[in-house]
Amino acid sequence: MKKAPKWGKRHFMELNWIGDELFVSDTARNILEKANITGIDFCPVKNKNGMEYFEGIHQLVIPNLAKNGFVPERTSIRKITNCPRCGQTKYVTDGIGMLAFRKECFHDAPDVVKSSECFGADHYITRIILVRQKVYRTILENKLERSLVFEPILLL
């Protein structure tokens, strides 16, 4: 980053080209830590030269992946592609309907995980950040939801 963000009423942000990495304000970090949200950690953010740390911004680290459990035949998948370099399967959705996952892929999972499966179109690829109701409620109750988009998933 070139400079620390001016948070205003926002408490979460992402970089345009990296959809599954979030950055949070001091306020959001403190609230998430007090709520004992599992599956997350925080690390400091350096400037683009890597020479100094920014005040008031933290990278939200989500180290855990859910077990494979995405059910593509239950959702509107426009296209399935494979990366020619790494072979990773990528799902391109049409944005209609809920994504479906098997319940067992979340058994013993922490409160926040990333999907094992990758999604995106063209050169953009991301894992979906999946959160339990506890996380969703904590964010809403503390009015941290500005700039976030939550979409329900279907559990099978």
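## Starting point: Met 13

Let's start with Met 13, which has a relative accessibility of 17% and so counts as buried, the cut-off for that label being under 20%. Keep in mind throughout that this is a predicted model. Met 13 sits in strand β1. Setting aside residues up to four places away in sequence, Met 13 touches Met 1, Pro 5, Trp 7, Glu 21, Leu 22, Phe 23 and Ile 57.

## The overall fold

The protein chain has two helices and 10 strands. Reading from the N terminus, the order is β-β-α-β-β-β-β-β-β-β-α-β. The radius of gyration is 17 Å, close to the 15 Å that the globule rule gives for 156 residues, so the chain is as compact as a globular protein of that length. If you want a box for it, the C-alpha atoms fill one of roughly 45 × 35 × 25 Å along the principal axes.

Of the 156 residues in the chain, 37% are buried. Take the contacts between residues at least 6 apart in sequence: 58% of them join residues at least 24 apart.

## Surface and charge

The accessible surface of the protein chain comes to about 10100 Å². Carbon and sulfur atoms account for 50% of that surface.

On the charge side, the chain carries 24 positive and 18 negative charges.

## Helix α1 and what follows

Helix α1 covers residues 26–34, and its buried residues include Ala 28, Ile 31 and Leu 32. Why do these count as being on the same side of α1? They cover an arc of only 95 degrees around the axis, which puts them on the same side of the helix. As for partners, the buried residues of α1 pack against β1 (12–15), β2 (18–25), β3 (41–46) and α2 (133–141).

Past the end of α1, the loop between α1 and β3 holds Ala 35. Is Ala 35 buried, exposed or partly exposed? Its relative accessibility is 21%, so Ala 35 counts as partly exposed. Leaving out neighbours within four places in sequence, Ala 35 is in contact with Lys 134 and Thr 138. Trp 7 is 28 residues from Ala 35 in sequence and 21 Å from it in space, C-alpha to C-alpha. Also just after α1, Asn 36 takes a positive phi of about 55 degrees.

## Helix α2 and what follows

In α2, the buried residues are Val 135, Thr 138 and Ile 139. They cover an arc of only 95 degrees around the axis, which puts them on the same side of α2. The buried residues of α2 pack against β1, α1, β8 and β9 (126–131). One of them, Thr 138, has turned up already as a contact of Ala 35.

After α2 comes Lys 143, with a positive phi near 55 degrees. Lys 143 is found in the loop between α2 and β10 (153–155). With a relative accessible area of 63%, Lys 143 is exposed.

Now for another lysine, Lys 114, which lies in strand β8 (residues 112–119). Is Lys 114 buried or exposed? At 7% relative accessibility, Lys 114 counts as buried.

What does Lys 114 contact beyond its neighbours within four places in sequence? The list runs Asp 20, Glu 21, Ile 62, Asn 64, Leu 65, Ala 66, Arg 127, Ile 128 and Ile 129. Glu 21 is also touched by Met 13.

## Positive phi in the loops

Most residues other than glycine have a negative phi. Asp 108 has a positive phi, near 65 degrees, and is not a glycine. Asp 108 lies in the loop between β7 (99–101) and β8. Its relative accessibility is 68%, so Asp 108 counts as exposed.

Lys 143 likewise has a positive phi, about 55 degrees, although it is not a glycine.

Methods
Residues are numbered from 1 along each chain as its sequence is written. This is a predicted model: local features need pLDDT of at least 70, side-chain atom pairs count only at pLDDT 80 or more; totals for chains, interfaces and linings use all residues. Side-chain values use heavy atoms; hydrogens and water are left out. Helices (H or I, at least four residues) and strands (E, at least two) are DSSP runs, numbered from the N terminus. The radius of gyration is taken over C-alpha atoms; the globule rule is 2.2 Å times the number of residues to the power 0.38. Buried means under 20% relative accessible area, exposed over 50%, partly exposed in between (1.4 Å probe, protein chains only). Contact means heavy atoms within 4.5 Å. Accessible areas come from the Shrake-Rupley method with a 1.4 Å probe; for residues, only the protein chains shown count as cover. Lys and Arg count as positive and Asp and Glu as negative; His and the chain ends are not counted. The place of a charge is taken as NZ of Lys, CZ of Arg, CG of Asp or CD of Glu. The arc is that of the directions from the helix axis to the C-beta atoms.
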